[in-house]
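Subject: Structure handover

Hello,

Here is the structure I said I would pass on. Please open it alongside this email, and my notes follow below.

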Amino acid sequence: MSCPYAKPSQMDANGVRDDRVVTTSNGFPINEPFATQRVGEHGPLLLQDNALLDNLAHFNRERIPERNPHAHGSGAFGYFEVTHDITDICGSAMFDTIGKRTKTLTRFSTVGGEKGSADTVRDPRGFATKFYTEEGNLDWVYNATPVFFIRDPSKFPAFIHTQKRNPQTNLKDADVFWDYLTQPANQVAVHQLCILFSDRGIPQTYRNMNGYSGHTYKWSNKNGDWHYVQVHLKTDQGVKNYTAEEAAQIAGQNPDICHQDLFENIEKGNAPTWTVYIQTMTEEESKKLPFSVFDLTKVWPQSQFPLRPVGKLCLNENPQNFFAQVEQAAFAPSNTVPYQEASADPVLQGRLFAYADAQRYRLGPNYHQIPVNCPYASKFFNPMIRDGPMNVNGNFGSEPNYFSDKTNYQFVQQSRPIQQHQEVWNGPAVPYHWVTEAGDIDFVQATDLYRKVLSKQDGAQGRLAHNIAIHAANCKSVDMQKRVVSMFSRVDEQLGKNIADEISAINSTNGKPKL
Ligand code: NDP
């Protein structure tokens, strides 16, 4: 492995290349890697045996902290290609010419499971893409569902805890799962739950699922005209899912089936693609919505805000090293480029802090120097961002570590609108509890999904009831099961009744009362 100071490798008269000779980590050639230094043949080991110590000590440090949510994932490189002109909406250089390609890295993941957990679990899927653009690295840190369980980031840690393991038993806990989600203040999750327990809750492969920004973003063109934007990446392979029963069986037979599918398809040249669309909304239109444009639990009806095609994402290159290029990949929605800006969506605002902070914890403050995270298609120049653990990029050499008049630097290389000034916020600083709205507004889109979308898919309404019932039947508390039924009855009475009937049938086989 070369270091920046390494001289070019050489070959000796016997054809041995000097960069293939096995060494300790300080470069000392090892003659006998599988022998240990001992006192006599069977005596104790010597502390001076650096080859052994080096080997054992580094092995102890191979694992880095796994991501808290999204620990389990797979990734591949590819490119984004512009197919349609959207320069009236966005001035980012990556969109400036039809046919232009930008190199990308995409990481797919599950959310709640640990790093080694199974691929075929019922869970949202992460769909994060890093674009190595000439204006800096841009991360679209999206999910395979268009909405989420919360709309206030203060709830995120508690919510994720309830989807992970019970602190005492260390088991997944259906009572805890539903206790959180059926509390009136948390029922705002009902839309996401209806998607999660529908067929789309268990994608067959990463190639067969869509990606959605979920959040509202703000994009502007070069004149400073701006829109709210949502992004959709629709799979060109078709949406395909497993039933709960198929998924449980596959989790036992091949827990890495999605990872294997992605790697092997790319390896044999069957590169998956997604068509990228945007929905756009003006500020005026947003004021007429029956819900807030910053509400992550809502979608924008496509009849009102049609999908407009932008380009293609293609994944055609497997990583050469999973740890270096996927485990160490650091995605954060705060990594953005000119003309693409976060909206005031509070969960997105929270993620602007939390993701980069998680990468500093996992990889260290110089995580942006790891090759897969470097903004190598643009330039990184900021001699204030200096020192810190594992600084390996030369640390700006002798550049002053403050802005000196003697230094040749520029703060702004091009003039562009400062987008923050386009919306004006005012009011007192208040603790705002954005709980479930009065009336049924937080249930309307879940009901639309059930009645308008799932009704057109053969048996989909029944499978939604079945999938919820077999999960909630695991609750020890019958009262908890009743809370689940009561919440889904607000989506649709028949849905609630079907869930209750199936839980009752399972209860009767477990000696529990009917609902
Ligand atoms: P549309 O009929 O225009 O859109 C329906 C959407 O539902 C399509 O995007 C479709 O995706 C998606 N869909 C189909 N089956 C499922 C499922 N099991 N789980 C989640 N999504 C599914 O109607 P509206 O725009 O008025 O939305 C109606 C409902 O559809 C919403 O309340 C929401 O639950 C859901 N939806 C809406 C989206 C949007 O952006 N408006 C996006 C995704 C879901 P595809 O075309 O890829 O098959």
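**Tyrosine 206 and its loop**

Tyrosine 206 is buried, with a relative accessible area of 1%. Bear in mind that this is a predicted model. Tyrosine 206 sits in the loop between H4 and S5. Leaving out residues up to four places away in sequence, tyrosine 206 touches His72, Ser74, Phe108, Ser109, Asp119, Arg125, Cys258, His259 and Trp274. Tyrosine 206 and asparagine 318 are 112 residues apart along the chain, and their C-alpha atoms are separated by 14 Å.

Arginine 207 is in the loop between H4 and strand S5 (211-212). Is arginine 207 buried or exposed? Arginine 207 counts as buried because its relative accessible area is 13%, and buried means under 20%. Its contacts, not counting residues up to four places away in sequence, are Thr235, Gln237, Asp261, Leu262, Asn265, Asn270, Pro272 and Trp274.

**The ligand**

The shell around the ligand holds 20 residues, and His191, Arg200, Lys234, Gln302 and Gln445 come nearest. A polar side-chain atom of histidine 191 lies 2.6 Å from an oxygen atom of the ligand. For arginine 200, a side-chain N or O atom is 2.7 Å from an oxygen atom of the ligand. Glutamine 457 has a side-chain N or O atom 3.0 Å from a nitrogen atom of the ligand.

How much of the ligand does the protein bury? The ligand exposes 790 Å² when taken alone, and the protein buries 80% of that. Helix H4 (190-196), strand S7 (226-235) and helix H10 (441-453) are the elements that give two or more residues to the shell. H10 supplies the largest share, four residues. By class, the shell has nine nonpolar, eight polar and three charged residues.

**Two packed helices**

Next, look at helix H2 (residues 156-163) and helix H3 (residues 174-182). They pack at an angle of about 145°, and their axes are 7 Å apart. Which residues make the contact? From H2 come Phe159, Thr162 and Gln163. From H3 come Val176, Phe177, Tyr180 and Leu181. The contact has five nonpolar and two polar residues, and no charged ones.

Histidine 70 lies in the loop between helix H1 (50-60) and strand S1 (73-82). Histidine 70 is buried, with a relative accessible area of 16%. The side chain of histidine 70 makes a polar contact with the side chain of serine 109, at 2.8 Å. Not counting residues up to four places away in sequence, histidine 70 touches Arg107, Ser109, Thr110, Val111, Gly126 and Asn143.

Leucine 296 is in the loop between helix H7 (283-287) and strand S9 (308-317). Leucine 296 counts as buried, at 6% relative accessibility. With neighbours within four places in sequence left aside, leucine 296 is in contact with Pro146, Val147, Phe148, Ile150, Arg151, Gly214, His215, Asp345 and Val347. Leucine 296 and glycine 73 are 223 residues apart along the chain, and 23 Å separates their C-alpha atoms.

**Helix H11**

Histidine 466 lies in helix H11 (residues 460-472). Its contacts, leaving aside neighbours within four places in sequence, are Glu245 and Glu502.

**Two positive phi values**

Which backbone angle stands at a positive value in aspartate 387? In aspartate 387, phi is near 60°, a positive value in a residue other than glycine. Aspartate 387 lies in the loop between helix H9 (346-363) and H10. Aspartate 387 counts as partly exposed, at 44% relative accessibility.

Asparagine 395 has a positive phi of about 60°, although it is not a glycine. Asparagine 395 lies in the loop between H9 and H10. With a relative accessible area of 22%, asparagine 395 is partly exposed.

Over to you.

Notes. Residues numbered from 1 in each chain as written. Predicted model: local features only at pLDDT ≥ 70, side-chain atom pairs only at ≥ 80, totals over all residues. Heavy atoms only, no water. Near = heavy atom within 4 Å. Polar contact = N/O pair within 3.5 Å; in protein donor to acceptor, adjacent residues only side chain to side chain. Areas by Shrake-Rupley, 256 points an atom, 1.4 Å probe, with all protein chains shown as cover. Nonpolar A, V, L, I, M, F, W, Y, C, P; charged D, E, K, R; others polar. Axes fitted to C-alpha atoms, helices over the stretch in contact; angles between N-to-C directions. Contact = heavy atoms within 4.5 Å. Buried < 20%, exposed > 50% of the residue type's maximum accessible area, 1.4 Å probe, protein only.
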